[in-house]
Amino acid sequence: MFRSAGAFKRPLKSDRFSIAFAQKWLYSRYLRGLDDGGSQAVNETIPRGYTMRRMTVVSTKGGVGKTTVAANLGGLFADLDYRVLLVDADVQPTLSSYYAIRSQATGGLFQLLVSGVTENVISSTIISNLDLIVSNDPTGQLPNLLLHAPDGRTRLRHLLDQIDTPYDVVILDTQGSLGVLQDAAVLASDLLISPLPPEMLSAREFSRGTLDMLERLRPMSQLGLPVPPLVAVLNRIDRTRNALQIAAALRDELFTASKDRIRLLETVIPNLVAYREAACLGVPVHRHESTRPVGRTAPAARETMLALAHELLPDRAADVSRLSSETLA
Ligand SMILES: Nc1ncnc2c1ncn2[C@@H]1O[C@H](COP(=O)(O)OP(=O)(O)O)[C@@H](O)[C@H]1O
Ligand SMILES: [Mg+2]
């Protein structure tokens, strides 16, 4: 499925080490103390060699960075020459307008889910390789329609299976509240990504809401739809002592308590104005900030996004390294 994968030979030593090693080194300097005990708290829920194709960015809370992560991961994978589809499953269509549209389809998520048609629902964006199913349900009928359809929660998964275009990566963005549309997006994916800002309130909300959501959907596995593994990524981390302490506490308490159900990614997304600027400009953040500004400790957004891509596609890490040196150079 990954078009580019077969074309590559064994990773060069420099490929393997350059980005991954630089990231770890930079982060360990940047987040002094934050890594302590972190690796013990991380639980492996993703089997080795796990190949993931669909990722849903999810949280029970708004404003944590879901759309930011979805848009920028999509933009990065597209620039790495993967064929990417973004699906905006948030009734508030932020992701739909993140990148300018090159060619607008007549339909979007509404037609996909209600009419069950996969034709004329995919728009293309001005980013090469990056397509989009827009959220187009201004009157908010979709959740109700799905709620009353017998296959409401599984329909999105089955329809995505029917799309003819061979996408390498599909990234679904969701709204920050529980609901049938969020359930449908969760069950449509192979991996859940949950951005987690370091406020204690969101940690509590995270453990209560997110784990409850996973638990509630667990019976779906009897229908052949297991709840995908969930990875959390710390987002908007400042170097202030408070933020560091809270993030360390999160690693220690929250993720130890979650046993084998959540994996906390090593990649940490710093709180940088670059993410807001890139959103305003409608460009992927790795393009907007490709190098670290002089005098700043936090790594360039490009490095962070590449590290995230490495972690999310562990079995494709060599490809990501190679592609990044070939296509992003
Ligand atoms: N790492 C970050 N650094 C700075 N600002 C960020 C970061 N991540 C997200 N933001 C900003 O936070 C706000 C909320 O993010 P958004 O992705 O829209 O959250 P959600 O989709 O979860 O509601 C946006 O203004 C976004 O630009
Ligand atoms: Mg959003």
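Does Arg 236, with its C-beta neighbours inside 10 Å, count as buried or exposed? Arg 236 counts as buried, because 21 C-beta neighbours fall inside 10 Å, where a residue is called buried if 20 or more other C-beta atoms lie within 10 Å of its own, exposed if 12 or fewer, and partly exposed in between, with C-beta atoms placed from the backbone. The model is predicted, and local features need pLDDT of at least 70, side-chain atom pairs count only at pLDDT 80 or more, and totals for chains, interfaces and linings use all residues. Residues are numbered from 1 along each chain as its sequence is written, while chains are lettered from A and ligands numbered from 1 in the order in which they are written.

The protein has 13 helices and 10 strands, these being DSSP runs numbered from the N terminus (H or I of at least four residues for helices, E of at least two for strands). Of its 329 residues, 47% count as buried. Among contacts with a separation of 6 or more, 79% are made by residues 24 or more positions apart, two residues being in contact if their C-beta atoms, placed from the backbone, lie within 7 Å.

In soluble globular proteins, nonpolar side chains tend to be buried together. The largest nonpolar core comprises 81 residues, and those with the most contacts inside it are Leu 73, Phe 77, Val 84, Leu 86, Ile 133, Ile 171 and Ala 309; such a core is a set of buried Ala, Val, Leu, Ile, Met, Phe, Trp, Tyr and Cys residues joined through C-beta atoms within 7 Å. With residues up to four places away in sequence not counted, Leu 73 touches Ile 171, Met 305, Leu 308 and Ala 309.

Two packed helices are described by the angle between their axes and the distance between the axes. The axes of H3 and helix H12 (residues 301-312) come within 10 Å and cross at roughly 85 degrees, the axes being lines fitted to C-alpha atoms, for helices over the stretch in contact, with angles running from 0 to 180 degrees between N-to-C directions. H3 is therefore roughly perpendicular to H12, given that angles of 65 to 115 degrees are classed in this way, those under 35 as roughly parallel, those over 145 as roughly antiparallel and the rest as oblique. In this contact Asn 72, Leu 73, Leu 76 and Phe 77 of H3 meet Met 305, Leu 308 and Ala 309 of H12. By class, the contact has 6 nonpolar, 1 polar and no charged residues, where Ala, Val, Leu, Ile, Met, Phe, Trp, Tyr, Cys and Pro count as nonpolar, Asp, Glu, Lys and Arg as charged, and the others, Gly among them, as polar.

Ligand 1 is surrounded by 17 residues, of which the closest are Gly 65, Lys 66, Thr 67, Thr 68 and Tyr 275; a residue is near a molecule or strand if its C-beta atom, placed from the backbone, lies within 6 Å of it. Two or more residues of this shell are given by each of helix H3 (66-79), strand E8 (230-237) and helix H10 (273-281). The shell residues divide into 5 nonpolar, 9 polar and 3 charged.

Most residues other than glycine have a negative phi, and most peptide bonds are trans. Arg 236, which lies in strand E8, has a positive phi of about 60 degrees although it is not a glycine. Asp 81, placed in the loop between H3 and strand E2 (84-89), likewise is not a glycine and has a positive phi of about 80 degrees. Asp 81 counts as partly exposed, because it has 19 C-beta neighbours inside 10 Å.

Helix H7 (residues 180-187) has 7 of its 8 residues buried, so it is largely enclosed by the rest of the structure. Val 268, in the loop between strand E9 (262-264) and strand E10 (269-270), is buried, with 25 other C-beta atoms within 10 Å. The C-alpha atoms of Val 268 and Leu 196 are separated by 9.7 Å, although the two residues are 72 residues apart along the chain. By contrast, Ser 290, in the loop between helix H11 (285-288) and H12, counts as exposed, with 12 C-beta neighbours inside 10 Å. Neighbours within four places in sequence aside, Ser 290 is in contact with Ala 300 and Arg 302.
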